[in-house]
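Reader: I am new to this structure and would like to learn how to read it, feature by feature. Could you take me through it slowly?

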Amino acid sequence: MDYKNMTFKMVSGCDRGLCRRGCGRQDKQLNTYDYLADIPGNDTSTDLVEVQFKNTRKGYYHNVNHLDLKKGDIVAVEANPGHDIGVVTLTGQLVRLQVKKANLKSEEDIRRIYRIAKPVDMDKYHEAKSREHGTMIQSRQIAKDLGLQMKIGDVEYQGDGNKAIFYYIADERVDFRQLIKVLAETFHVRIEMKQIGARQEAGRIGGTGPCGRELCCATWMKNFVSVSTAAARFQDISLNPQKLAGMCAKLKCCLNYEVDNYMEAGKLMPAREVVLQTADNDYYLFKSDILAGLVTYSTDKRMAANLCTISSARANDIIEMNKRGEKPLSLLDDDQVQQEERPLDLLENESITRFDKNKRKKKGGKDKGQGAKGKDQGPRNRGQGTKGKDQGPRGRQDDRPAQQRESRHHKA
């Protein structure tokens, strides 16, 4: 192989492999997995290109100059007025589907791409971006001085610095005509006001959810659907506002992800108010596992007593038998008798004294570490603290007369 005449392309970071094509996140949000990236002719199937700007703002443009654009290229696009700087995030046939989602039916809404960004364009872009944070803080103070009930959450400058978009949140309708005049006089740019909701604000800011993953609104969600507490009821989730609320202080969007499956599985479950009658007792519904198709019944309506878990199909069969006036011997299949479950004993084969240590009798404080000086003393020198009185063999005080004590010493 002729290595001298080969042409090599320098790549770094996310410029190579899947990051260029399919699943690369780069530093942008709302990334779209391009599963058609490796199909020949995908890039030439349409001239539409998806371009992403700050955070979650995206736009769709025509590649009228037929530039060789790939995912991650920085381009200058048409704006009103001037031009804007963005990053190419998607090309090919999938862009048509994204245009349908964005409801861009008119061709006038789709503008064109001028060129790949030059160093001069990038210098203006970085200069404009450096003013965004200071502009946001100052605009908040201006809105407060005017007494407007609104919160300016973010400011985005256009790539050429001729226009600024102010994203605000307001619970009620706000007349910001005076605010626009003051902002235009203060920052000397064209002002555009965009109202967003709490979910859109969380998507623009980003963050980590209680599940440990990035927020869905900041990674892949483009359209927000209303969420109600009924979704939590269908899934038997505790109606705790602190647990149901997300980073935006609204109900979590993920409550709607599995609610359809729960509703379909819930149709096979027996009703809560139905009482199962058997030959020995009546059973009331205690709890149910919708996805597993299991129901647990109790003989007491208010507390757990003689719990028995059966399948939803078996419960429906017993309900049909009760309607015909029949009562099975038990809730289990084939009228089996439920065996009592013994509690699991972790120490069943272990000795409960295996960790106990033999308590040794402590010696007197004077015997410890005395070496040769303590040889003349007995093994148990208890009771040495008595005041001059003779003691018995076990250290007890000897109250006998002196003659008997002396005779005892002579015998020894």
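**Pockets, helices and the backbone**

Author: Let us begin with the open spaces, keeping in mind that this is a predicted model. The largest pocket holds about 1100 Å³ of space, and among the 37 residues that line it, those closest to its centre are Thr56, Arg57, Lys58, Gly59 and Lys194.

Reader: What is the general idea behind finding such empty space?

Author: A probe the size of a water molecule is rolled over the atoms, and this shows where empty space is left.

Reader: Which elements each supply at least two residues of the lining of the largest pocket?

Author: They are the strands β2 (58-62), β6 (151-157), β7 (163-169) and β8 (190-195), together with the helices α2 (94-101) and α6 (198-205). The largest share, 4 residues, comes from β2. Sorted by class, the lining of this largest pocket has 14 nonpolar, 9 polar and 14 charged residues.

Reader: What is the volume of the second largest pocket, and how should I describe its lining?

Author: The second largest pocket has a volume of about 420 Å³. Its lining is made up of 20 residues, and Gly209, Glu214, Leu215, Cys216 and Cys254 are the ones nearest its centre. Two or more residues of this lining come from each of α6 and α7 (216-219), with α7 giving the largest share, 3 residues. By class, the lining of the second largest pocket divides into 13 nonpolar, 3 polar and 4 charged residues.

Reader: Turning to the helices, at what angle do the axes of α4 and α5 cross?

Author: The axes of α4 (residues 132-145) and α5 (residues 177-187) cross at roughly 140 degrees and come within 11 Å. An angle over 145 degrees would count as roughly antiparallel, so α4 is described as oblique to α5. The crossing of α4 past α5 is right-handed.

Reader: Which residues meet where α4 and α5 touch?

Author: From α4 come Thr135, Gln138, Ser139, Ile142 and Ala143, and they meet Leu179, Val182, Leu183, Thr186 and Phe187 of α5. This contact of α4 with α5 has 6 nonpolar and 4 polar residues, and no charged ones.

Reader: What is the general rule for phi and for peptide bonds?

Author: Most residues other than glycine have a negative phi, and most peptide bonds are trans.

Reader: Where are the cis peptide bond and the positive phi found in this structure?

Author: The cis peptide bond joins Asn80 and Pro81, with omega about 0 degrees, and Pro81 lies in the loop between β3 (74-78) and β4 (83-91). The positive phi, near 70 degrees, belongs to Ala249, which is found in the loop between α9 (241-244) and α10 (259-266).

Conventions: Residues are numbered from 1 along each chain as its sequence is written. This is a predicted model: local features need pLDDT of at least 70, side-chain atom pairs count only at pLDDT 80 or more; totals for chains, interfaces and linings use all residues. Side-chain values use heavy atoms; hydrogens and water are left out. Axes are lines fitted to C-alpha atoms, for helices over the stretch in contact, and angles run from 0 to 180 degrees between N-to-C directions. Angles under 35 degrees count as roughly parallel, over 145 as roughly antiparallel, 65 to 115 as roughly perpendicular and the rest as oblique. A crossing is left-handed if the near helix is turned anticlockwise from the far one by less than a right angle, and right-handed if clockwise. Contact means heavy atoms within 4.5 Å. Ala, Val, Leu, Ile, Met, Phe, Trp, Tyr, Cys and Pro count as nonpolar, Asp, Glu, Lys and Arg as charged, and the others, Gly among them, as polar. On a 1 Å grid over the protein atoms alone, a cavity is a set of points where a 1.4 Å probe fits but cannot get out, and a pocket is an open set with protein on both sides within 12 Å along at least five of seven lines; lining residues have an atom within 4 Å of a point. Grid points are joined across faces, edges and corners, and a volume is the space filled by probe spheres set on the points.
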